[in-house]
Structures are given as C-alpha cells and as structure tokens.
Amino acid sequence: MDTLRTISVSEFLQLVNETLRLIPSQEFVVEGEISDFRIAQDKWISFDLKDENGEAVLKCFMTTWQLRAQIEDGMRVQVRGTPKVYERYGQFKMNVQEVEPVGEGALKRAYELLKKKLEQEGLFDVSRKRSLPRFPKRIGLITSRDAAAYGDFLQILNNRWGGVFVLHMNVHVQGKEAVSDILGAFSYFNELSETERPDVLVLTRGGGGLEDLHAFNDESVARAVFGSKIPVVCGVGHERDESLCDFVADVRASTPSNAAERVVPNREEVRYEIEMMCQHTEERLLDQLSQKSLIVERATNVIGRIISQQNERLKHLRQRFFDVTHVWAPALFDQIDGFEKILRQLDPKRVLARGYGIVTSNGQVLKDVATLEIGASVGVQLAKGSFESYVTKKENN
Amino acid sequence: MEYNWQKAHLNLMSQKKKTIDFASSFEELEKITQWFDSEENVDVEVGLKKFERGLELASELKKKLSEVENKVEEIKKKFT
C-alpha cells in the first residue's frame with residue numbers, strides 16, 4: 001500500500017463526481033415509477049425512481065421551483081438530471097432538472113392534481129371573472145399562424161363584425177417553445193401602454209390530446225392568464241376538450257370559432273337592436289304627443305259642454321217665461337192701466353189746472369203758516385207760470 | 001305637432017365627417033331609449049331633442065356597421 005497515493009474521502013468523492021460528469025446525462029431521460037415522494041420545508045423534493053420490478057432504485061432530489069408538473073407516488077415519469085454523490089451523507093443521487101409524467105394515465109393524473117391545486121388557490125373563481133367589452137376595438141390574438149384555429153377565428157370575426165384591429169402574436173401552441181412563447185405574448189400585451197393595449201386577449205388553438213395541450217395545461221401559463229390585466233378568452237379545440245387555461249380565463253370558449261363569437265357581437269343583431277331602439281323611442285314620443293293632444297281635446301270638450309249647457313238653460317228659461325206670459329200678462333196690463341189712471345189723477349199739474357197753486361218757501365212746499373214770518377218772500381206756482389210775493393198778514397186756523 | 005325633419009337631416013349631414021366611437025355612441029343611444037322609458041311624462045320639447053339625437057346616433061352607428069374590414073397586424077417579436 002506504500003506505493004499507492006493516499007487521498008481523503010472528500011477528494012475521492014470529488015473524483016467520483018468528476019467522473020460522473022463525464023456521463024452525457026443531458027442526452028437521455030430516465031424513465032421509472034415514483035415512490036416515497038416527499039416535500040421538505042416547501043422547498044426540497046425527494047423521491048425514489050424505480051423500475052417496474054422494483055429491483056433498481058434511483059434516489060432523486062430537486063427543488064419545488066423546478067417542478068413544473070404535479071407528481072405523486074405510483075406515477076410514471078421521465079427524469080432529466082445529473083448524477084451526483086452527496087459528500088455529506090455519502091449518498092448517490094440524481095440531481096433532477098426536469099420531471100415529466102409519461103403515458104396518458106400519468107399525464108391525466110398530473111393534470112388532475114394541478115387542476116385541484118389551482119382550483120383550491122382560487123384561480124378558477126367565478127367571482128373574479130371579468131366581463132368583456134361589448135364592442136372591442138383592439139383584440140390581441142395569441143395563436144399559431146399555421147394552425148387552423150387562426151383562420152377559423154378570423155373568418156368568424158369577419159363574418160360577424162368589422163372595424164376591429166387585431167394584433168396577432170404568432171406563437172407555438174405545442175412543442176418545447178410553446179410555453180415560453182405564450183408567456184412572452186402575455187407579458188408583451190400586458191406591458192403595452194393603455195392606449196395600445198388590446199381590450200381583450202384571445203388564446204386559442206385546435207383540439208388535441210393531453211400531450212398536445214401541455215402548454216395550455218402548464219402551471220405558469222395558467223398563472224399568466226390569471227394575472228393578465230386584460231380580460232382573456234380561451235378557446236381550445238373541440239367542444240369536449242378542456243384545458244387549465246379554459247378554467248382560469250375570464251371567458252371559456254368551446255372552439256376558436258366560438259372564441260370569435262364570444263369576442264364580437266353579430267352585426268345584424270346590433271343593427272336590429274339599433275332599429276328597435278329608434279322605433280321604441282319614436283313610439284314613446286308619439287304616444288306622449290297623442291296623450292297631450294288628448295288632454296287638450298278633453299278640456300275643449302268639457303268647456304264646450306258647459307257652454308252649451310248654459311245655452312240650453314237660458315233657452316229653456318226664456319221659453320218658460322214666454323210660455324206663461326199669456327196667463328199673467330193681461331191681468332198685469334189691466335192693473336197697470338188702473339195704476340196709470342190713479343197716477344194721472346194725482347198729478348199735481350192736473351190739480352193746478354183746476355185753479356190751485358203751490359206755495360213754496362226756501363224751496364219747501366208750504367203747508368203751515370206757523371213757519372212763516374211777516375215780510376218773508378214765498379214762491380207761488382200756478383198751472384201756468386209762477387210769481388213771488390211777500391207775506392203781509394197771517395192767520396192760524 | 002310639426003317637426004322639422006329637414007333640419008334634423010341637415011344636422012346629420014354636418015356631423016357626417018366626424019368619426020365616432022361605436023361603444024360610446026351605442027351607449028348614448030341606449031341611454032336615450034332608457035330615458036323615454038323611465039320618464040312618466042315625457043317633456044315633449046326635451047323628448048323631441050333626444051329623439052333627434054337618437055336618430056343621429058343610429059344613423060352613425062349603422063354606417064359604422066357597414067364597415068367590413070378588420071385589420072390584422074402581426075407583431076414581430078421572438079421570445080425564445
């Protein structure tokens with residue numbers, strides 16, 4: 001042993017780790033089943049990756065920030081990472097950079113787990129869903145130009161509505177670049193100034209399996225939809241397809257075409273609505289006008305009726321007056337004749353004509369000599385003419 | 001009651017050139033319609049003015065509706 005070099009444990013492990021780094025571990029993924037999955041202090045994740053027969057075990061280590069998919073025991077996954085011996089514990093572990101569920105079953109399970117988590121966090125809450133402007137002027141379209149969804153969306157948009165400015169962000173909707181493309185589109189639109197910012201964002205693609213839709217089920221994309229200042233319409237694939245973005249979006253459209261239908265109104269319906277409003281206001285106005293003229297008409301009627309009533313009454317009174325005249329008029333005329341005779345006899349002029357005179361003193365007819373004094377002047381009125389005389393003598397008898 | 005349709009029409013013509021905002025014009029028309037419904041006794045003078053404005057808006061809106069074109073602009077930006 002003397003001829004051999006002596007090194008420390010840590011030096012040896014360093015050597016081992018250097019050797020392990022020679023393994024081209026970025027060129028392959030290790031596939032196995034997860035067991036003993038643990039999270040410590042919300043940060044450190046450890047699990048065992050096993051072959052199906054359970055005879056080979058690979059200890060794995062990663063952080064929660066690296067974990068993009070929800071995983072659990074029994075799930076089949078593919079792991080990419082670098083092997084390392086941890087000096088402190090002398091343990092061989094795989095330092096995991098990426099873990100992805102494989103197979104429809106595992107993907108489905110991971111999807112369900114993430115869905116549950118986001119739901120519990122309140123990302124799907126109906127109360128936070130915003131309503132879309134009825135007449136958007138600017139629409140931000142996030143989809144692939146090569147996808148059928150792009151053509152479908154624009155076709156329905158043009159059929160329904162006009163005068164809209166569509167800002168299209170060409171992104172991958174599947175494959176490795178999809179997630180970063182879509183995240184970039186969201187931050188681009190959200191960072192635009194308020195005048196440039198679209199009124200609504202449309203994230204859409206055609207249908208597909210869980211693997212095709214991975215970007216639409218990605219946690220970071222779902223959070224980008226959640227965090228968008230601009231309301232989001234998400235439309236994925238066929239009616240049946242669902243994605244996590246669908247649940248987070250303010251409006252969930254069933255297809256790309258349906259997304260267009262949800263975003264803009266139908267030209268003909270709006271035209272009809274405008275016509276109905278005009279018609280309605282016109283009717284209301286005419287209604288009011290005729291109500292007002294009805295009031296005037298009614299007032300005129302009432303006044304007319306009162307006047308004609310008064311007229312009738314007057315006519316009636318006159319008629320009654322004339323109707324009874326023949327009963328009492330002759331008697332009245334006879335009476336009047338009698339009165340006239342008496343009056344004529346009483347006329348002082350007739351008395352004067354018979355030779356009498358009227359004596360006045362100071363304008364008063366004289367009836368008693370007692371009021372007279374000797375020498376006073378009195379007026380005497382005869383039937384014809386008058387004269388003035390003085391009192392020379394008076395007798396009381 | 002006589003209503004000056006010709007004057008209303010002239011008003012329309014004079015405002016023809018202004019570009020209108022569809023959403024706000026539509027909202028104004030809706031408000032006018034609501035006004036006619038909420039008012040128990042419509043003041044005929046005010047009513048006529050509002051009605052005239054409503055016709056004006058409707059005509060502008062219908063003109064806007066006949067716009068067929070939607071513009072699409074592709075944003076040149078790479079994220080990866």
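Here are some friendly notes on the predicted model above, point by point.

1. **Ground rules.** This is a predicted model, in which local features need pLDDT of at least 70 and side-chain atom pairs count only at pLDDT 80 or more, while totals for chains, interfaces and linings use all residues. Residues are numbered from 1 along each chain as its sequence is written, chains are lettered from A and ligands numbered from 1 in the order in which they are written, and side-chain values use heavy atoms, with hydrogens and water left out.

2. An open sheet of six strands runs in the order 10(A)-9(A)-8(A)-6(A)-7(A)-1(B), with parallel pairing. Its edges are strand 10 (251-253) of chain A and strand 1 (71-74) of chain B, each of which pairs on one side only. From one strand to the next, the twist averages 20 degrees. For the terms: strands (E, at least two residues) and helices (H or I, at least four) are DSSP runs numbered from the N terminus, and two strands pair if DSSP finds at least two bridges between them.

3. **Strands 8 and 9 of chain A.** Five bridges link strand 8 (residues 200-205) and strand 9 (residues 232-236) of chain A in the parallel sense. Leu203(A) has Cys234(A) as its bridge partner, and Leu201(A) stands opposite Val232(A). In a regular strand the side chains alternate between the two faces of the sheet. For strand 9 of chain A, both faces are covered: Val232(A), Cys234(A) and Val236(A) are buried on one side, Val233(A) and Gly235(A) on the other. Buried here means under 20% relative accessible area, exposed means over 50%, and partly exposed is in between (1.4 Å probe, protein chains only).

4. **Helix 3 of chain A.** Helix 3 (residues 148-160) of chain A lies across strand 6 (138-143), strand 7 (165-170) and strand 8 of chain A together with strand 1 of chain B, and runs at about 160 degrees to strand 6 of chain A. Such angles run from 0 to 180 degrees between N-to-C directions, with axes fitted to C-alpha atoms, for helices over the stretch in contact. Leu157(A) belongs to this helix and is buried, at 0% relative accessible area. Leaving out residues up to four places away in sequence, Leu157(A) touches Ile139(A), Val166(A), Ala260(A), Val264(A) and Asn70(B); contact means heavy atoms within 4.5 Å. Leu157(A) and Val264(A) are 107 residues apart in sequence, yet 7.0 Å apart in space, C-alpha to C-alpha.

5. **Helix 7 of chain A.** Why is helix 7 (residues 256-263) of chain A largely enclosed by the rest of the structure? Because six of its eight residues are buried: Pro256(A), Ser257(A), Asn258(A), Ala259(A), Ala260(A) and Val263(A). Their cover includes strand 6, helix 3, strand 8, strand 9 and strand 10 of chain A.

6. **Antiparallel pairs in chain A.** Strand 1 (residues 30-40) of chain A pairs antiparallel with strand 4 (residues 76-86) of chain A over four bridges, where Glu31(A) has Gln78(A) as its partner. Six bridges join strand 1 of chain A to strand 2 (residues 44-50) of chain A, also antiparallel, with Ala40(A) opposite Trp44(A). Strands 1 and 2 of chain A form a hairpin with three residues between them, and Gln41(A) in the turn has a positive phi of about 50 degrees.

7. **One residue to look at in helix 8.** Ile336(A) lies in helix 8 (residues 267-346) of chain A and counts as partly exposed, at 41% relative accessibility.
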